[in-house]
Amino acid sequence: MNIKFLIYQIRNYVRQFMSSAWQISILGVCLSLLLVIYGCQATQNKDNGVIHLTLWQGINPPVNRDVFQKLVDKFNQTHPDIQVESIYAGQLDQQLPKVLTAVVGNVPPDILTYYPQITGQLVELGAIRPLEDWFDKLPIKSEIISNLFEELQLNGHIWSMPLYTSNMGIFYRRDLFKAAGITEPPKTWEELRQVAKKLTIDRNGDNRPEQYGMLLPLGKGEWTVFSWFPFLFGAGGEVIKNDKPDLLNKGAIAALQFWQDLIKDGSAKLSPPERGYEEDNFTSGRVAMQITGPWTYIMKSDVDFDVFPIPGNVEQVTVAGTGNMYVMKTTPEREQAALKFLEYVLSEEFQTEWSIGTGFLPINIKSAQSQAFVELTNQKPVLKVFLEQMSVTRARPIIAGYSRLSDSLGRAIEATLLGESPEKALKAAQERLDMIWGK
């Protein structure tokens with residue numbers, strides 16, 4: 001039984017379903033009993049010389065969790081003095097309240113796996129341990145892809161380590177390209193726009209195409225923002241200036257205008273709200289192109305597909321899809337044990353097996369060059385596109401308050417896709433953020 005996890009789950013349950021008077025009495029009794037149990041467990045762990053660590057993750061799909069668990073089991077077998085318990089704590093976008101509740105309640109996990117954009121919040125709460133003293137002395141540091149360092153840092157400190165990496169590309173159906181007479185993937189925005197038009201087909205003349213050129217994600221959530229960032233960067237745009245949100249720039253406006261142009265052309269289909277990651281439209285042939293990464297189910301489908309880099313307007317850039325690991329502040333003994341597990345995660349051995357099993361790109365250079373991974377890329381050549389893009393991969397901002405920035409950007413993107421002018425949508429988003437940052 002994981003006592004830490006149970007404590008904060010009971011706290012949430014009591015607060016949600018009980019009156020305030022009952023909350024105080026029941027919560028007090030439950031927490032007292034659980035803390036006694038936890039204290040006994042901690043004593044037992046200390047007596048037998050084994051440090052038991054809890055690790056929270058939101059790894060999906062379940063087959064990827066199985067790969068991770070096998071690797072955790074390997075670590076536990078070779079480190080009898082450290083035992084890591086991997087706990088699936090829910091989808092990452094739904095997990096944040098649990099994480100923050102656990103931190104505020106002083107019952108955090110020992111290791112947290114999450115998107116690096118949570119770094120600012122965890123730093124503000126004083127919940128995580130800086131890692132640069134440990135990382136700078138680590139021999140394996142030179143094996144880590146340097147492009148990933150941007151997402152590890154904030155305010156001059158390194159706060160996390162990468163578990164995996166990937167980036168965005170555009171998947172396309174070769175059969176539909178061939179039927180439309182398209183022989184070369186587009187390399188510019190204008191070419192992408194023209195290709196999308198050519199791939200849009202209304203077979204019965206009812207002004208409702210049975211086939212669209214491209215799928216665009218509708219919604220305010222992070223997936224929409226994540227999918228839009230390559231176009232922002234490709235237009236020379238930014239959303240942060242002097243550590244504050246700055247949305248009203250030419251690049252941001254141009255990137256939103258391009259997405260709106262695809263909608264106005266009638267060549268882009270909007271996803272169901274907050275479900276832009278789903279591939280049903282692509283696999284069924286209702287859309288010919290979709291923005292996503294190598295983790296997609298498309299990779300395991302029978303569809304005749306390929307991938308090309310996301311075209312740029314000013315430059316060709318993509319955005320990183322990275323999952324990072326944090327060492328939570330607990331005790332020096334537990335933190336040191338957690339660092340041993342992180343060193344294992346960074347290793348060539350772990351990264352090769354993990355990447356081959358999940359479809360993510362290895363963060364270790366030796367792993368990417370290993371015979372096993374090279375054989376995989378020969379079997380799945382589309383992986384080479386994502387590997388080659390690592391040199392032009394950029395990160396979403398690592399700032400305190402990223403969730404508010406993302407929410408405002410998501411609202412602006414959604415409004416633009418539904419017909420609002422990019423300038424007006426971004427101005428409204430900027431005004432919201434100015435109020436937040438002003439406070």
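A crossing is left-handed if the near helix is turned anticlockwise from the far one by less than a right angle, and right-handed if clockwise. The model shown is predicted: local features need pLDDT of at least 70, side-chain atom pairs count only at pLDDT 80 or more, and totals for chains, interfaces and linings use all residues. Residues are numbered from 1 along each chain as its sequence is written, and side-chain values use heavy atoms, with hydrogens and water left out.

**View A. Crossing of helices H3 and H13.** Helices (H or I, at least four residues) are DSSP runs, numbered from the N terminus. The axes of H3 (residues 62-78) and H13 (residues 348-358) cross at roughly 160° and come within 9 Å; axes are lines fitted to C-alpha atoms over the stretch in contact, with angles from 0 to 180 degrees between N-to-C directions. H3 is therefore roughly antiparallel to H13 (angles over 145 degrees). The crossing of H3 past H13 is right-handed.

**View B. Residues between H3 and H13.** On the H3 side, Asn-64, Val-67, Phe-68, Leu-71 and Lys-74 meet Glu-349, Phe-350, Glu-353, Trp-354, Gly-357 and Thr-358 of H13 (contact means heavy atoms within 4.5 Å). This contact of H3 with H13 comprises 5 nonpolar, 3 polar and 3 charged residues. Ala, Val, Leu, Ile, Met, Phe, Trp, Tyr, Cys and Pro count as nonpolar, Asp, Glu, Lys and Arg as charged, and the others, Gly among them, as polar.

**View C. The aromatic pair Phe-68 and Trp-354.** The structure holds 28 aromatic pairs (rings of Phe, Tyr and Trp, the last by its six-membered ring, with centres within 6.5 Å; planes under 30 degrees apart are stacked, over 60 edge-to-face and the rest tilted). The ring centres of Phe-68 and Trp-354 lie 5.9 Å apart with planes at 75°, so this pair is edge-to-face. The pair joins helix H3 to helix H13 across 286 residues. Phe-68 is buried at a relative accessible area of 0%, and Trp-354 is likewise buried at 0% (buried means under 20% relative accessible area, 1.4 Å probe, protein chains only).

**View D. Crossing of helices H10 and H18.** The axes of H10 (residues 250-264) and H18 (residues 422-438) come within 9 Å and cross at roughly 130°. H10 passes H18 in a right-handed crossing.

How values were computed:
Helices (H or I, at least four residues) and strands (E, at least two) are DSSP runs, numbered from the N terminus. Angles under 35 degrees count as roughly parallel, over 145 as roughly antiparallel, 65 to 115 as roughly perpendicular and the rest as oblique. Buried means under 20% relative accessible area, exposed over 50%, partly exposed in between (1.4 Å probe, protein chains only).
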